[in-house]
Amino acid sequence: MRRTIVILAALGYFGASLLLVAGFGYLWHRTDPAPEQPIAFPHTVHAGNLRMPCTFCHVFAELSRHAGAPPVQKCMDCHRAIATDREEIRKLTRHYEEKRPIEWKRVYAVPDFIYFSHKRHLRAGLECSTCHGDVAGMKRVRRVSNLVMGWCVSCHRARKAPLDCPTCHK
Amino acid sequence: MKWGMVIDLQKCTGCGECVAACKRENNVAIVEPKESAMGRTMLWMDMLTIYEGEYPRLRVRQIPRPCMHCDHPPCAKVCPVRATYINEEGIVAQIYPQCIGCRYCMAACPYTVKSFNWYKPEWSPGIRNTANPDVSVRPVGVVEKCTFCVHRRQKAKEQAKSEARELREDEYQPACAEGCPTGAIVFGDLENSRHRVNHLAHSPRATRLLEDLGTEPKVVYLKEGD
């Protein structure tokens, strides 16, 4: 009798821990992989139909750690003349005229203890799509990789990239 | 490649610039006086003060003390989760997300260079804005220590790789060496004969702290003359 109680208690304890871990795991991955953006920018048109290279707008990807979002000025270079009657472009023009930057919602983010450089990865010959997926085919950008350490390391192993911890951890 | 540091005690004036530079560079938390009295002061680079003799003939020695980055690090041997280990460039790294906060390494370190995060670090608003974005702020419950400013190596290495060349000596210097006004702290590759540390480490004045423990520290002190 006492034995069964002990066994049950132990099982209950481990079961509860398992549930807790699963719960945290669930919450962790629940962040929206495709957040709604302030302007419904279609990558399908720009990167898809028009075949603009990624670095045309994300100019810093090849030059620095951050890929960066383009300034509104860059959009207006074309959209002063192109498709000015569309609702989303009107929104863009308002931003430009009021000198308000567009607050894009972040889709990909690494934790602050990670050193990650777009430049190094592009110089190593990776395509943007290796990590970001087929953005040209996405109406609203969706996160396709979970950016967990195992995911980074599997690629680093396969491509014989450095595996020393301080390569990425800071 | 083996990164190491030479501290010339003859040149060192004990001004404490290395301590301050390190603290700002690495976002090391500022601890309240009450906590500090409990031995919770957080300094990656400390200034050891040694008093010799008595008042009229008192002599004060100031010894800057970073992490020794031992070749046989006792901290790495006791770490149960490999949060601290020595990498192939001789840097004893501390990986914060891996650390479980058991503090075995703090007990093992004969130089007491490691500090534990008892609290979430807090800065006054003005100082918070000057935090270094290249160094992560450590969470509660992990051990931290001098990393030889490994984030500077990340940056310098990236630049060197992009230009397809070797890392130059002056490109990767930790904040303490860079800040030292008398040039007492020299940093570089101990195995590279073109680096200054290589010559200085073989000077007859060279000595290491607690050498008899066999930890083989890579921080070399040059003794003062009399």
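**View 1. Chain A reads α-α-α-α-α-α-α-α along its sequence.** This chain holds eight helices and zero strands. Helices (H or I, at least four residues) and strands (E, at least two) are DSSP runs, numbered from the N terminus. The model is predicted: local features need pLDDT of at least 70, side-chain atom pairs count only at pLDDT 80 or more, and totals for chains, interfaces and linings use all residues. Residues are numbered from 1 along each chain as its sequence is written, chains are lettered from A and ligands numbered from 1 in the order in which they are written, and side-chain values use heavy atoms, with hydrogens and water left out.

**View 2. The C-alpha trace of chain A spans about 85 × 40 × 30 Å along its principal axes.** Chain A has a radius of gyration of 22 Å, but a compact globule of 170 residues would have one near 15 Å. This radius is taken over C-alpha atoms, and the globule rule is 2.2 Å times the number of residues to the power 0.38.

**View 3. Chain B has eight helices and 10 strands.** Its C-alpha trace spans about 55 × 45 × 40 Å along the principal axes. A compact globule with 226 residues would have a radius of gyration near 17 Å, and the 18 Å of chain B agrees.

**View 4. Four strands of chain B form an open sheet in the order S8-S1-S10-S9.** The pairing is mixed. Two strands pair if DSSP finds at least two bridges between them. Strand S8 (185-189) and strand S9 (206-207) of chain B each have a single partner strand, so one side of each is left without a neighbour in the sheet. Strand S1 (residues 3-8) and strand S10 (residues 219-222) of chain B pair in the parallel sense over four bridges. Asp8(B) stands opposite Leu222(B) in S10(B).

**View 5. Chain B and chain A meet through 21 residues from chain B and 16 residues from chain A.** Contact means heavy atoms within 4.5 Å. Together the chains bury about 1,600 Å², 49% of it on carbon and sulfur atoms. Buried area is the accessible area (1.4 Å probe) that two parts lose on being put together, summed over both.

**View 6. One salt bridge is found across the interface of chain B and chain A.** Arg65(A) forms a salt bridge with Asp134(B), and the closest N and O atoms are 3.2 Å apart. The rule asks for a side-chain nitrogen of Lys or Arg within 4 Å of a carboxyl oxygen of Asp or Glu. Helix H6 (residues 150-162) of chain B gives eight residues, the largest share of the side of chain B that touches chain A.
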